[in-house]
Amino acid sequence: MPKKVDHEARRREIAEALWRIASTRGLDGAGLRDVAAEAGISLGRLQHYFRTKDAMLTFALRHINALADRRIRDRIEALDGEPTPRDVLRTCLTGMLPLDDRSRTGALVGAAYFVRAVHDADLRAEARNGIPLLRDFFTGQLRRAADRGELPPARATDDEAMLLISLADGLSTYLLLEVHTPEQALRLLDLHLGQLFGDTAGE
């Protein structure tokens, strides 16, 4: 019988080949032929899965985001007992930072993707898609904290959630540029959370 091919798994393998190239050479250095060679398949086989470079890039970004989401969910589930909203937020925010080789590669690919998306409306729309969902999740955690008396109700807003997302994005950039070490980035994150929640837990 002919061998059954897991097409989704093959797409993921191609996406990871793209990551390896983009993390060292940027997306401009990741042509279809280059990615095919990195993945160990023919150009024709790659084009069977992705007709265009943009289709490949979009899939790769979604795959990166799915892996990051799974990693963060696993970390939340691993927390002892019932995690507080602050615990959940800190776990999410640290999971968004490039603190190890795997997450650094993902952040480098994401940065390369965003540079390309600035000049491409379709890629830009794809890059924006997940932000409202993340904002709403963070806002929900802030409101939970306010209901528990852990946060002033006036701070449980969409704007505050976007500030947290922006903080993570800024720290990620400085980590990639080696302006901050991972330890410094985490200290700044905890400093902000301590100020937000108005207690000494972040000290």
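Me: Which residues in H5 meet which residues in H10?

Reply: This is a predicted model. A helix pair is read from the residues on each side of the contact. On the H5 side they are Arg-86, Leu-89, Arg-90, Leu-93 and Thr-94, and they meet Leu-186, Leu-189, Asp-190, Leu-193, Gly-194 and Phe-197 in H10. Sorted by class, the contact of H5 with H10 has six nonpolar, two polar and three charged residues.

Me: At roughly what angle do the axes of H5 and H10 cross?

Reply: The axes of helix H5 (residues 85–95) and helix H10 (residues 182–197) cross at roughly 150° and come within 11 Å. Angles over 145 degrees count as roughly antiparallel, so H5 and H10 are roughly antiparallel to each other. Their crossing is right-handed.

Me: How many residues has the largest nonpolar core, and which have the most contacts inside it?

Reply: That core has 28 residues, and Ile-14, Leu-18, Val-35, Leu-46 and Met-56 have the most contacts inside it. Two or more residues each come from helices H1 (7–25), H2 (32–39), H3 (43–49), H4 (53–77) and H6 (101–117). A second, separate core of 24 residues includes Ile-76, Ala-145, Ala-185 and Leu-189.

Me: What does Leu-46 touch?

Reply: Leaving out residues up to four places away in sequence, Leu-46 touches Ile-14, Leu-32, Val-35, Ala-36, Ile-41 and Met-56.

Me: Is Glu-126 buried or exposed?

Reply: Relative accessibility is compared with a cut-off: buried means under 20%. Glu-126 has 15% relative accessibility and therefore counts as buried. Glu-126 lies in helix H7 (residues 121–128). With residues up to four places away in sequence not counted, Glu-126 touches Thr-58, Leu-61, Arg-62 and Tyr-113.

Definitions and conventions
Residues are numbered from 1 along each chain as its sequence is written. This is a predicted model: local features need pLDDT of at least 70, side-chain atom pairs count only at pLDDT 80 or more; totals for chains, interfaces and linings use all residues. Side-chain values use heavy atoms; hydrogens and water are left out. Axes are lines fitted to C-alpha atoms, for helices over the stretch in contact, and angles run from 0 to 180 degrees between N-to-C directions. Helices (H or I, at least four residues) and strands (E, at least two) are DSSP runs, numbered from the N terminus. Angles under 35 degrees count as roughly parallel, over 145 as roughly antiparallel, 65 to 115 as roughly perpendicular and the rest as oblique. A crossing is left-handed if the near helix is turned anticlockwise from the far one by less than a right angle, and right-handed if clockwise. Contact means heavy atoms within 4.5 Å. Ala, Val, Leu, Ile, Met, Phe, Trp, Tyr, Cys and Pro count as nonpolar, Asp, Glu, Lys and Arg as charged, and the others, Gly among them, as polar. A nonpolar core is a set of buried Ala, Val, Leu, Ile, Met, Phe, Trp, Tyr and Cys residues joined through side-chain atoms within 4.5 Å. Buried means under 20% relative accessible area, exposed over 50%, partly exposed in between (1.4 Å probe, protein chains only).
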